[in-house]
Each structure stands twice: as C-alpha cells, then as structure tokens.
Amino acid sequence: MRTVAVIGGGASGMMAALTAAEDAENRVVLFERQQRLGRKLLATGNGRCNLTNTAAAPAHYHGAEAAFVRPALEAFGVEETLDFFHGLGLLTVEEYGGRVYPLSNAANSVLDVLRFALAEAGVELRCGESVRELKRSGAGWMLAADGGALQADAVIVACGGCAGAKLGGVSDGYELLKPLGHKRTALYPALVQLLTAPEYPRALKGVRCPAALALMSGETVLAGSEGELQFTETGVSGPAVFDLSRAASTGGAGLRLRLRFLPLDEGALLGLLRERRERFPDLETGEVFTGMLHNRLGRMLVKASGCEAGKPLRALDEGALARLAAAALGFELPLRGTEDFDHAQVTAGGVRTAGFNPETLESWFVPGLFACGEVLDVDGDCGGFNLQWAWSSGRLAGRLGR
Ligand SMILES: Cc1cc2nc3c(=O)[nH]c(=O)nc-3n(C[C@H](O)[C@H](O)[C@H](O)COP(=O)(O)OP(=O)(O)OC[C@H]3O[C@@H](n4cnc5c(N)ncnc54)[C@H](O)[C@@H]3O)c2cc1C
C-alpha cells in the first residue's frame, strides 16, 4: 500500500484523488484548507458551472509553454470528461459557444457527484486543514498539516492559483513548491473586469450590448474579441471583455479599449442616420440611435460625439452625422487597468511548466511530486476551458506516472 497525498480539494485535486484511488494499491488522502471541498467550483459559471467547452484544444490555453497542455488534453479531453461525469450520473447540456453546463443549472450538481465518488472510492478527506510544509522524507514526503503530519509516498499539489481570493484562491501552491526548486512566473489576474475612465461606465451601469472589442496600444491592436459587453460601476465586464483581459493585464500602461457597437460599415451607418433625419426631422438628436442601440448607450454616444441631444435631427449637418457614426463604430475608453485577483476568475502565470513532465505532470527535479490545475502556468479562455484543464491535468497527475 502506498500513501498518496493530494493538496487542494478543488476541481483538479478532486479529479486527481479519484484517479489515484482507482488503483487499489493507493491509500489517498485529500487535504483541503477550507471547511468543505470545491467552494470555488460552486461559484463557477455564475453558480451554474460551465464545466467544459466542446472546443477545448491547446489553442485556447496560455502560458510560457503553449504545447504543455497537449498530452493532458489528449489523454483526457472533453469526450472523456463528459463520459466520466455522465458515469457519475451527472446530466449535462451544451449551450452557445460549446459551453457545457449541468442540466440542473446548478454547480452543486457537479460537486455533489464528485463528493459521492470520493466517498465511494474511500478517499480520506482532511477538510479544514492547510498543508503548511512539504518536504522530502526518506524516499517519500512529509506533509505538515494543521491536524498533524502525514508521511506520503507521492504528493499531488493541486492548490489552485490566487484568483477568486474570497473563494479560496491563495498562493500556497507556489510557496509549497518553491523550496523544492519549482519557481513561478509573474502572476496576473485574468478573466477579469477592465477598469476604465469613470465617467462613461457610470452613466451606462447595467447596460448590456453586443460589441466588437479591440485592445489598443497606440495604433497597435493587441487583442480583439466579440460578444456581450456589460457596463459596470467601474468599467466593463462580460465574456467579450474577459477574452481580452489577459492581454490587458499583461500589456502595460496606456491601453485603450476600442468599441464597435454596430456590425455596419461607416457608409451603411451614415445612410441609416441620413434616412432617420429625413423621416423624423423634428425628433430630438438624443433619439438618433433609438431602435439601433440600447437607449442609454445611444444617448451617451450622442453626447460623446459633441452633438446637442435636445436639438432636432434636421439641425444635424454631415459633419455631425460623421461624428455620430464614428462614435458608434469606434468609441474609445482609456483603461485604468484590471480588477484585482479577488475579482478575477483565473490566474495568468503560475509555477513554471518547464519543471514538470507534460506526459505525467511529475516534477523533473524530484520524483514522486506532481502538480495539476491552475497552480501551474496554464490559463484558458473564458467558456469552460479552465475547468477542462483542471479535469485533464488532475486526471493525468492522479495516474502518478503510470
Ligand atoms: C467566480 C469564478 C467563476 C469561474 N467560472 C468558471 C467556469 O464557469 N468555467 C471554467 O472553466 N472555469 C471557471 N473558473 C475558473 C476555475 O474555477 C478554476 O480555473 C479551477 O477551479 C481551478 O481548479 P484548481 O483545482 O486548480 O484550483 P481550485 O479550484 O482553486 O482549488 C484549489 C483548492 O486548494 C485548496 N488549497 C490551497 N492551498 C491549500 C493548502 N495549503 N492546503 C490545503 N488546501 C489548499 C483551496 O482552498 C482550493 O479549494 C471560475 C473561477 C472563479 C473564481
């Protein structure tokens, strides 16, 4: 019998523990510093848990070594993950963009089936216990935990990253691995709201609209995305924003967000604005975009283009129409940065993947040490890709090199 210690009872740690427990030779002990397993999992997907994405492939992941995720995703990809969860009795549904959710629409369904499986597999749970130190001891490992030490033959570090601090995001994993020779990269909040100059978002708080986004540095486009945009008290949020947030986090100062609110070219939009002026000459300019855009957004664009909202449309000259069209097709918001780790869904950066064998997730430096999930320098796009990495890497690490 050999003892396998898993540090971290989140998505990747639960998967690693279940996998290790499939081998009857293993006694598996799962440490979780919070009072219960999977707290972050419960908050995922706005409480619905977007557990994977049918498009999961290496191109959706980021980190210093782009190809690192490939073996884990190939060994246990979306199909295997869905088979695994269906085998535990979880029903799932695929929604827009390949996002997969539990049919129940409740994240606790995912956690519950994992808990049942852990109990069934005989995994020993040590919840409410932080592992504070991890060091070599003979051919194995000594873990110093709140409830007492444990001697283990193999260790899987699944402590996650520091995103979502209120849900348990901590830097413990980096600290535990550092004395063993595993350094980390710089860390940035990703899948996070962008902070903008305050005046416009405040007026638009609560507005949701489709938009095409470009992250600008000077006249260079650093990244682009399309989809739902949400204005908040302090900036912009929503899936399209999350898709750019990694580049915004790492892109330095002086960035701007260029927003295109209508899928039209300038000539087509000018044509529509001229038609409106002819059809409703006495209408107030503040209503010029009514029917095309959210009303509050339309009025903000009128103001931003320097037109007087109270004047009739017939008073708009061609120059004013051109300014209105330009505002709707290329409105720019200077960025003040991103929200912090407390508000981020994922950590960009982590323990350097060069220190781990991508085929097994075992340390190249010390045998019997494995790592999986977000603690590693891997982060995925918005849409279920991060949990897929947790499942795939947890599965691979849990095999313990076999
Ligand atoms: C609000 C929010 C929504 C999200 N929504 C989605 C989504 O819908 N789809 C998606 O794919 N991804 C989503 N994510 C990202 C996803 O949740 C994470 O990428 C994923 O949970 C990472 O899994 P993990 O096992 O590596 O880490 P975690 O799930 O963070 O688990 C790590 C666990 O280790 C424990 N731990 C840490 N240190 C110690 C220690 N020293 N001793 C014992 N235990 C320790 C922690 O308490 C934690 O429970 C979301 C994240 C957040 C914050």
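Ring pairs join Phe76, Phe84, Phe85 and Trp391 into a cluster. Rings of Phe, Tyr and Trp (its six-membered ring) pair if their centres lie within 6.5 Å; planes under 30 degrees apart are stacked, over 60 edge-to-face, and the rest tilted. This is a predicted model, in which local features need pLDDT of at least 70, side-chain atom pairs count only at pLDDT 80 or more, and totals for chains, interfaces and linings use all residues. Residues are numbered from 1 along each chain as its sequence is written, and side-chain values use heavy atoms, with hydrogens and water left out.

The structure holds 6 aromatic pairs. One of them joins tyrosine 61 and phenylalanine 385 edge-to-face, at 6.3 Å centre to centre and 85 degrees between the planes. Tyrosine 61 belongs to strand E4 (residues 61-62) and phenylalanine 385 to helix H12 (residues 385-398), so this pair ties together parts that are 324 residues apart in sequence. Helices (H or I, at least four residues) and strands (E, at least two) are DSSP runs, numbered from the N terminus. Both tyrosine 61 and phenylalanine 385 are buried. Buried means under 20% relative accessible area, exposed over 50%, and partly exposed in between (1.4 Å probe, protein chains only).

Now the chain as a whole. Its secondary structure comes to 12 helices and 21 strands. The C-alpha trace spans about 85 × 40 × 35 Å along its principal axes. Of the 402 residues in the chain, 54% are buried.

Two arginines sit over rings. The charged end of arginine 48 is over the ring of tyrosine 101, 3.9 Å from its centre. The charged end of arginine 184 is over the ring of tyrosine 174, 5.8 Å from its centre. The criterion is NZ of Lys or CZ of Arg within 6 Å of the ring centre and within 35 degrees of the ring normal.

Next, the ligand. Around it are 35 residues, of which Ser12, Glu32, Gly45, Glu374 and Leu387 come nearest. A residue is near a molecule or strand if one of its heavy atoms lies within 4 Å of it. Helix H1 (11-21), strand E2 (26-32), helix H2 (39-47) and H12 each supply at least two residues of this shell. By class, the shell has 13 nonpolar, 16 polar and 6 charged residues. Here Ala, Val, Leu, Ile, Met, Phe, Trp, Tyr, Cys and Pro count as nonpolar, Asp, Glu, Lys and Arg as charged, and the others, Gly among them, as polar.

Polar contacts follow. Such a contact is a pair of N or O atoms within 3.5 Å; within protein, one must be able to donate a hydrogen and the other to accept it, and residues adjacent in sequence count only if both atoms are side-chain atoms. A polar side-chain atom of serine 12 lies 2.8 Å from a ligand oxygen atom. A polar backbone atom of arginine 33 is 3.0 Å from a ligand nitrogen atom. In glutamate 374, a side-chain N or O atom is 2.7 Å from an oxygen atom of the ligand. The protein covers 95% of the 1000 Å² of accessible area that the ligand has on its own. Areas come from the Shrake-Rupley method with a 1.4 Å probe; for residues, only the protein chains shown count as cover.

Some single residues remain. Threonine 347, in strand E19 (residues 346-348), is buried at 0% relative accessible area. A polar atom of its side chain lies 3.1 Å from the backbone nitrogen of alanine 163. Asparagine 46 and leucine 400 are not glycines, yet asparagine 46 has a positive phi of about 55 degrees, as does leucine 400. Asparagine 46 is in helix H2 and exposed, at 80% relative accessibility. Leucine 400 lies in the segment after H12 and is buried, at 9%.
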